[in-house]
Amino acid sequence: MAADLSQIVKAYDVRGVVPEQWDESLAELFGAAFAEVTGAEAIVIGHDMRPSSPGLSRAFARGAAARGVDVTEIGLCSTDQLYYASGAFALPGAMFTASHNPAKYNGIKMCRAGAAPVGQDTGLAEIRELVERWTESGAPEPAPEPGTITQRDTLEGYAQHLRSLVDLASIRPLKVVVDAGNGMGGHTVPTVFAGLPLTLVPMYFELDGTFPNHEANPLDPANIVDLQKRVREEDADLGIAFDGDADRCFVVDGHGDPVSPSAITALVASRELARHGGKGTIIHNLITSWSVPEVVKENGGTPVRTRVGHSFIKAEMAKNGAIFGGEHSAHYYFKDFWNADTGMLAALHVLAALGGQDGPLSALVAKYDRYVGSGEINSTVDDQAGRLAAIRAAYETREDVTLDELDGLTVTTADWWFNVRPSNTEPLLRLNAEARDEATTAKVRDEVLAIIRG
């Protein structure tokens, strides 16, 4: 009987518990299927610091090489370092990581040449189908001439490419605390930051896929408490936290207060627009702050609103020739980085912006943080569609609102908005709300939650 991969093949990647849900034998089949679907003559593979990553990565390489594909292994790397290799070498790539998930998980993020995403509609469904068939019928016949497997170091090339995209030549000395969460930021930050006028205070730079200090998910407030405390103790200019595979970054100011990813999106958008002569399209998802499209327009750009999810952002980046895109989840996408997401490049922009003037980060980001958001609030429900219908019924007859269903349900007025989206994998509804003041945000949040949880 064919393996049931429905639990591990997600919308954008492969992810599951090792070895209960998948193991090296399955990884080898994924490598063969990836070679088949991409039709590539050569691919590049990298992995994070999880205990299972080297074995899974090597098994994937064996599977691809058996199909006649030459494999370049870049070893330990961040996800955006793998995207760099895919773009710089013009090769399809596979990254072995489960991002911020606990240590027992692992996964594969796959891309075509030039870091173009592989998702359900762009090859992942075909890869899953092949793997399921081969688990039943046996692995495919090896190619007459197997491919080679070679190693290559890309860390310095990755760092040089990032630094070439941001002018850091004249920044003032800064003290920055970086919490790598025992993830891949501990591997990349020292090389990327080398030579910059920074006093680096490292936290949890030891690569340890068991995450002994805290979960490597900086969007959870509990996971940045150590960073906030250290920034205050060190009297640092700012703090930066990376997730497990270091493709997302989260920023706190010199007071230790979190800077919203929407404010970072607006800040970087203004800088990228300036770099492109005050013209360009900026992509933002529908739950980023009102601040983002406002700042984009003020700086001469064109904002484009999309659904939540990196496959939608990347598709719109390519479709619109956008120069930059940002999400509430602290994913930041750059045209000059093959439309892929890189938290490290966003971090360099923040350092350049802060270091290029004399004020503190709190003052710098204040003009990009204009509204009060609720943050994302999850509610477990029995009937997602029924609850969404109830919310629509409660608001659709009001004269002062507009409704749209680009992604879930968004209700907008002159003074506030909210969005409710169903989870694709769990019986959850996700609420995000924003208004011009804290009292209104709380009122809107509580009204909608009463319907969701009623």
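Me: Before I look at strands, what does it take for two of them to pair here?
Reply: Two strands pair if DSSP finds at least two bridges between them. Keep in mind that this is a predicted model.

Me: Thanks! Which residue stands opposite Phe324, then?
Reply: That would be Phe334 in β16. Phe324 falls within β15, residues 324-326.

Me: How many bridges join β15 to β16, and do they run parallel or antiparallel?
Reply: Three bridges join them, and the two strands run antiparallel.

Me: What's the strand order in that sheet?
Reply: The order is β14-β13-β15-β16, four strands in an open sheet with mixed pairing. On average, neighbouring strands are turned by 20° against each other, direction ignored.

Me: Which helix lies across β13 and β14?
Reply: Helix α9, residues 291-298, lies across both, and its direction is at about 155° to β14.

Me: Switching to helices: at what angle do α5 and α11 pack?
Reply: About 45°, with the axes 10 Å apart. The two helices are therefore oblique to each other. Here α5 is residues 155-164 and α11 is residues 343-355.

Me: And which residues make that contact?
Reply: From α5 you have Tyr158, Leu162 and Arg163, and from α11 there are Met344, Leu345 and Leu348. By type, five are nonpolar, one is charged and none is polar.

Me: Left-handed or right-handed crossing?
Reply: α5 passes α11 in a right-handed crossing.

Key:
Residues are numbered from 1 along each chain as its sequence is written. This is a predicted model: local features need pLDDT of at least 70, side-chain atom pairs count only at pLDDT 80 or more; totals for chains, interfaces and linings use all residues. Side-chain values use heavy atoms; hydrogens and water are left out. Axes are lines fitted to C-alpha atoms, for helices over the stretch in contact, and angles run from 0 to 180 degrees between N-to-C directions. Angles under 35 degrees count as roughly parallel, over 145 as roughly antiparallel, 65 to 115 as roughly perpendicular and the rest as oblique. A crossing is left-handed if the near helix is turned anticlockwise from the far one by less than a right angle, and right-handed if clockwise. Contact means heavy atoms within 4.5 Å. Ala, Val, Leu, Ile, Met, Phe, Trp, Tyr, Cys and Pro count as nonpolar, Asp, Glu, Lys and Arg as charged, and the others, Gly among them, as polar.
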